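Hello,

Here is the structure I promised to pass on. My notes follow below it.

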Amino acid sequence: MSEMSEEKGYTVIPASRRPDGTWRKERRVKEGYVPPDEVPVYESKGKQWKDSGPKLPPGFDAEELDKAKTAKTKAQLKNEKRKEKRKQNAAQDNSNAGRTDVDSELAERVQATTLEEAKSAMDKAVKGTEDGPEDIGKKIKALKKKLKQIEELEEKAKGGGTLNADQQEKIAKKGELLAEIESLEQKAA
């Protein structure tokens, strides 16, 4: 990399290209010059002494360390067994993808049940529960509020206003609301 000129007593570092593509000039340096990039990093004597000795504690065998690193704990073995069981169960579930008779019966029942039937079943379940006088009072109040809204919609319709489908459905349920209010008032009395 460098050329020595014996006559003059200096070394010439030839021109070189930098990583960014530009050129360095040729330089003359004294004998024994070492460029900063090539100077080794300083290490203290303590660091050199520490690095020269073994990396493991005295009396510790390197083979035992390798065995300890590769050996698995009980928990790791247990987790591996669980994973294998999950994989097996998933494979069995995929193979049993066809519905059983019970599953197909349930699916048919769900499809046969309409929304109205589900609502009526829910109403029966709700009515079957015993409500305290406070709950009945709250329900009556809510139903009377709905009744008041229906009456306002009827007045709007009489005045020549147009009602959308939801509002017309609400008006159609007026009789049901009145009957429910009467039954709740009888329970409360």
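The charged end of Arg28 sits over the ring of Tyr10, 4.9 Å from the ring centre. That label requires NZ of Lys or CZ of Arg within 6 Å of the ring centre and within 35 degrees of the ring normal. Aromatic pairs number zero. For those, ring centres of Phe, Tyr or Trp (its six-membered ring) must lie within 6.5 Å; planes under 30 degrees apart are stacked, over 60 edge-to-face, the rest tilted.

Before you read on: this is a predicted model, with local features needing pLDDT of at least 70 and side-chain atom pairs pLDDT 80 or more, while totals for chains, interfaces and linings use all residues. Residues are numbered from 1 along each chain as its sequence is written, and side-chain values use heavy atoms, without hydrogens or water.

Overall layout: the chain has eight helices and three strands, in the order β-β-β-α-α-α-α-α-α-α-α. These are DSSP runs (helices H or I, at least four residues; strands E, at least two), numbered from the N terminus.

Of the 189 residues, 9% are buried. Buried means under 20% relative accessible area, exposed over 50%, partly exposed in between (1.4 Å probe, protein chains only).

The largest nonpolar core has eight residues: Ile136, Ile140, Leu143, Leu147, Ile150, Leu177, Ile181 and Leu184. H6 gives the most, with five. Such a core joins buried Ala, Val, Leu, Ile, Met, Phe, Trp, Tyr and Cys residues through side-chain atoms within 4.5 Å.

Gln168 is in helix H7 (residues 165–172). Gln168 is partly exposed, at 48% relative accessible area. Leu153 is 15 residues from Gln168 in sequence, and their C-alpha atoms are 8.5 Å apart.

Best wishes
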